Amino acid sequence: MEEETLSIYKASRTIKRRENSLYNALRSIYEDSIFVGEISQLWPDLPLIANLRCGLWYSPTFQSTCYFKSTDGHCNNWSFNTSRLNLHVAHLAGQKGGCIIVDSTRRGKRFPDSMSKTIPIWTCVLNCAIFNYLNKKHALGIDAGMDPDSVNWDCSLHLPLWVSQTEKAAIENQLEDWTKQLESCGADIPSLASSLRKPLRPLWISQKTVIWLNEVPDSDSWDFTPIILVSASSSNGVFQCKTTSEFSWNYIAGAGDDEESWARGLSPNLFWNNAYDIISSGPDLCNKNVADIVEKNRVYHAQRGHITPQVTVTPLKLLKYTDDFTDNEELPLHFGTEQFTEESTIFWLGSTNIAVGPTRLAENGFNVDCILNCSQELVSGCLKNHERYLHLPIVSSKFDRFSLLSNLASAVNFAKFNLIREKTLLVCCHNGNLMTLMSLIWLYL
């Protein structure tokens, strides 16, 4: 009975790995990109913008990027984030007469919350701030370029039909406060007012949207500046297995999301530079081809003095399961630059004395002069020497978006104190993923 249960467990794990394989993800992205390309051709003069990071996978020809988070649009958690104003999007839309923003979401939803609520809130708050600015200038008799009343400046909140009236009313109650936040945060409202001749307004397009090609309106014909929100993936909740003349593959909605869990070091730019070779190679050779592409790219940049992580596939895994390679079994990856072992990874920041790694390196007595610990756990044996050890429990931005900023000054001072004495410094957290903090420390030094 135990053997039967174990075999069923193994079978289910194998099926899940096959469904979420690298080839399935990349092929799904490739198919969805065709839809994105078709929509962009309907309004070829409008710039195509990727909402980071998921949206960046769905076209090789983005003119710019933006960052609207879905969490800012979650029900009862709505917010207008002044640390992510995305004002360049509004300026670009004003210059070009609108823009197209691309994102994607997982199976079962037509649009991510970033498109359903975050961006509509953003457009409304910007419209209100510009309206207030124009009214103040007009009341003072100062020519601001236009009279808001003469162009019927729309400050109302435009949400998709599937957002309930109750939720819409709750969001509208906070618009005035958000507008005051924007006006008081130092944003250049006069510049926005000069760029936008018509108010911003979102429009939504998915793969289920019906568009009559002979009746596509010109963007200039609208009495607003369109922010066209394109959800790249199919929202069909039914499992889809697709077949071509050569391969069969499973469609993954929102495949570009959470790239760390599946991309194996491949970036959107690297994918599109090699898309034909990757897609045409099929599921059996996809993992190997991607590994070769990533490694060649790493070597190319390393030879030119760029710092790039090395991606290595554990050879024992390949040798042991050579016969099962066609099953797309997930292979373990290790990342490193100047030093690499099977148990740990160390990143050295150029030729400096700064190293980055997981906390376990400090616990195991890694040979450095001082340690900056940014994980939640204390490092035993280092607590008494304050000149050589500093504990700053920095948490993810998902839990506290100001955690890094509030601790940065202490981190910089500690680093300066030790580096000017030519000491080596290890900055560690639970997984060693602190390259952003290291870059900031290096810039501040």
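I call a residue buried under 20% relative accessible area, exposed over 50%, and partly exposed in between (1.4 Å probe, protein chains only). This is a predicted model, where local features need pLDDT of at least 70, side-chain atom pairs count only at pLDDT 80 or more, and totals for chains, interfaces and linings use all residues. Residues are numbered from 1 along each chain as its sequence is written, and side-chain values use heavy atoms, without hydrogens and water.

Entry 1, a strand. Helices (H or I, at least four residues) and strands (E, at least two) are DSSP runs, numbered from the N terminus. I looked up β5, residues 225-231, and found seven of its seven residues buried. Thr225, Ile227, Leu229 and Ser231 point one way, and Pro226, Ile228 and Val230 the other.

Entry 2, its partners. Strands pair if DSSP finds at least two bridges between them. β3 (residues 99-103) runs parallel to β5, with five bridges. There, valine 102 stands opposite valine 230. β4 (residues 200-205) is also parallel to β5, joined by six bridges.

Rings of Phe, Tyr and Trp (its six-membered ring) pair if their centres lie within 6.5 Å; planes under 30 degrees apart are stacked, over 60 edge-to-face, the rest tilted. I count eight aromatic pairs. Tryptophan 43 and tryptophan 222 have ring centres 6.2 Å apart and planes at 40°, so this pair is tilted. Is tryptophan 222 buried or exposed? At 18% relative accessibility, tryptophan 222 counts as buried. Tryptophan 43 is buried too, at 8%.
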